[in-house]
Amino acid sequence: MPDQPTFLEDIILDLEKKKVDWKNTTLVFPNKRAGLFFRKYLAQHLKETSLSPKVYSLEEFVLHFSDSVQADQLSLIFDLFEVYRKINPRAESFDRFYYWGEMLLKDFEDIDQHLVDPRQIFRGVKDQKELEENFRFLDPEHIKVIQSFWSSFLPKASDQQIQFLRLWEVLYQVYQEFRDKLKGRNEGYKGMLYREVLSFLDLKVKVWEKGDLVFAGFNALTKVEEELIKYFVREKKARLYWDYDDYYLNGELQEAGTYLRKYKADLHLGKSFSEQPLDNFLKTSKEFKSIGVPLRIGQAKVTGKLLTEEEGLNDERTVVVLADEGMLFPVLNSVPPSVQDINVTMGFPLKHTPLYSLLQALLELQQNLRPGKDGKTYFYYRHVLSLLRHPYIIEAYSEEVKAIGDKIEKYNKVYVGSDWLQEYHTFFGEIFVVVDEKTLPAYVEGILVKIVDQDTDSLEKEYIHHFLRQLRRLSDLVIGREVKLEMSIFLKLFRQIMQSLRLPFSGEPLRGLQIMGILETRNLDFENVIILSMNEGSWPQENRSSSFIPYNIRKAFELPTYDQQESIYAYLFYRLMQRSKRVWFMYNTEEDFNLKGEISRYVRQLELESGYQVEHQLLTLPVNIVPPQPITIKKTEEVMAGLSRYTTSTENTKRLTPSALNIYLDCRLKFYFRYIINLYEPEEVKEEIDPGSFGNILHLTMELLYGNFTEEKGHNHVTKEDIGELRKQLPEIVAHAFRKHYGLISDQDFKFEGRNIIARSIIMKFANAILDKDTVYAPFDVIGLEAGEREGFALELPVDLKTTVALKGIIDRVDLKDGVVRVIDYKTGRDEKKAEDLASLFDRDDKKRNKAAMQVLYYALMFHRGYPEMDYPIMPGIFNSRELFSDEFDVKIKMVNEKGRYSQVWDARPLLQEFESELSGLLREIFDPSVDFDQTEDVKKCRWCPYKGICHRG
């Protein structure tokens, strides 16, 4: 044994002195973990081979006297619901019952664990006389407490109190019938079985096995546990070993010793307390350090650093205690490679695992699927991508997932067909199917089994297997019970169960670094203790318990309240300290949900009352606030090479568009990002119409409307009667435009919902207004629709002797009537038709620069160059939404004439030479190596810029 034995080793030494026969000895501990460590220490201590003693947890020990079995939580809630529904036929659905069913089951557990008379506690009060007489069996202090509660119902209860009374008065009946139902199947919940064992214990243990019986390490016993242990102390001379220290046992103000002082004063239990001083807490030299670290991940990283740099922290003498169980995976990922053995012992909430997010994604997928008119099933794209991009799936199917994601975003698929998804991999055929409440468990299990078969981490495999056992249990209950659940209700229930499910980790062998939750540390001693999340609100935890039994009634009947919870957490804290030598308290300095960014009061109390010094350290993340620096890109050889692809001197020449030129005039740096280094905006699925999509769909609608009136089809003459027929086709044409925009095949139905319904209505209104103007203007000939480079609308302009720039554009419509060519552009924004002069169209400092006029004159120049044989007047025109619905609407743009007034541009040809000169000047600037790509000085332009994050603007 070491110089300072642990609590469990002390027991071994004492029993050795008493010369117990180990093979005929039975030891009972609060939990299994203490028993495992006891066996380990005993094996190390024994010098001769011996049969091992029997070692139980208290639960195992008590229940082995029972003829009934303990039912699982889920089964119990189903049973409770059936009983409640029988008493109250108008009971809510099972998914709504589930939450408060858990709460009621916990109340029944407390009633039985503390031997409370259920008839008395569930007694209601109708008048003052009942209030005075009903609770005479209580002591005066408790009568006062309970009367303070019920007196508020008198003389007349409020509506809310009346509802409480109605429920309160049936709870005794629910309690009795629930227990009867379980008894009929030889089942029960733990408190019920403990109470039954106590009631006939004499019959069960008349002939106790020869040998010693030992209870060790208990604190905060329930009433039934206390009576059971007292029975064995009285009748079977059982030995008791208490795990405590005089520091908090004898200090009346120390809440850690609250229960122990009560047991020491007890007639039967008090004799078992040691007469020798137990002062390990103050006698053992200790070092305490507190480290404040921002965020969870910060604590995990500091823990990894401690394990690397500090001596002697890599073996079973060290425990990492997680006051916040959600810290487990960050800690495991931070443990250095030098720590070869790790043993995890704790109950871990499923909701903190990657498995939970996968299950959530599967449920969301099923909850939001849609049947199509074509008989196929469609899934919402967000749920599809969320599921496919989950680490468990993307790791094994990265190429397929990328291909699906790219296609969904490229074609803006809001709803994705199951048959299309299944083409990418057979496994996706198992995921993207329709299930119901009966087949959902098997569906989830099939997917998880496939994932486990992959090269999954062993810890992840463990908790997936734990969950699968729970899932099979749920499946058996749903199929085997009379509780009928619709799919929507079953999904809600499934979600509730997942949120409350805890996965038990109980690692062996008992070597290496120990990682535990708070409760798992009971009876175990470590030289080195590292506690994470040592925050106020985490240890001790804030009171979050829910109960149907009000606080005053609980207090009067001596049921657990948060006061006792405080004592339990204080005991666990000081007990862990008493034999330790080095302790690190880590806490999160950031405030979080239900968590204050300050260290626990226990550490403050330790420092103020014990005489020990706590070395405090605060780790902060340095934040350097640097003002945004201007960004300027010099035109190096590499940059000029990027520009050269827009010239005729290179193969695979690209062409600049009027949109590109307008971007350059707005911001040279934005042009560089977009057109030189190809820093494109990420493609996203747009569920609702944004301005860009709205304009695209209107353009598509007008192209499809006039699509049959082209020279290629030999019929490009449009009459008023033709437009009347086109108007009849408009609803289907608009639907076709939506399908085409969202990448749907021609026979696939587009579902108009939400804002898309409004968008369709507005597009119909716009298209009808354009048709109204066309009817007035008809007849005319269509020369081109959405005409671009293929139709000859392209341009080359030299900027110097060596460089010729390639330009292009897509003209929405070109038509001809009475010897006049109209070059038409559709604009759905707030575009104007007026411009001061041609120079203003290229003036980046002019806040009223007319981009639309510049664009349509650019198209006029392209047409003039591309079709020199058509020497007609060229009228640049804009169908702009601002004026489209006015009776005075005129398609022509306006410019200031020599008299200083705005006049309509009937023919652009006289303006084109000057326009070309301005355009050439702009191109010379773009290709001038001495002109840098810099940021705009007008910060308002940055508000909607996709690159504002790079520039730290907007």
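Tutor: Begin with strand pairing: two strands pair if DSSP finds at least two bridges between them. Here strand β1 (residues 26-29) pairs with β5 in the parallel sense over three bridges, and Val 28 stands opposite Phe 215 in β5. Helices (H or I, at least four residues) and strands (E, at least two) are DSSP runs, numbered from the N terminus. This is a predicted model, in which local features need pLDDT of at least 70 and side-chain atom pairs 80 or more, while totals for chains, interfaces and linings use all residues. Residues are numbered from 1 along each chain as its sequence is written, and side-chain values use heavy atoms, without hydrogens and water.

Student: Which strand does β5 join through three bridges besides that?

Tutor: Strand β6 (residues 239-241), running parallel to β5. Arg 239 in β6 is the bridge partner of Val 214.

Student: Are the faces of β5 covered or open?

Tutor: In a regular strand the side chains alternate between the two faces of the sheet. In β5 (residues 213-216) both faces are covered: Leu 213 and Phe 215 on one side, Val 214 and Ala 216 on the other, are all buried (under 20% relative accessible area with a 1.4 Å probe, protein chains only).

Student: What about the charge: which side chain of opposite charge is nearest to Lys 286?

Tutor: Lys counts as positive and Asp as negative. Asp 245 is the nearest, 7.2 Å away, and the buried Lys 286 has no salt bridge (a side-chain nitrogen of Lys or Arg within 4 Å of a carboxyl oxygen of Asp or Glu). Its side chain reaches the backbone oxygen of Met 577 at 2.9 Å and that of Ser 580 at 2.8 Å.

Note on methods
Buried means under 20% relative accessible area, exposed over 50%, partly exposed in between (1.4 Å probe, protein chains only). A polar contact is a pair of N or O atoms within 3.5 Å; within protein, one must be able to donate a hydrogen and the other to accept it, and residues adjacent in sequence count only if both atoms are side-chain atoms.
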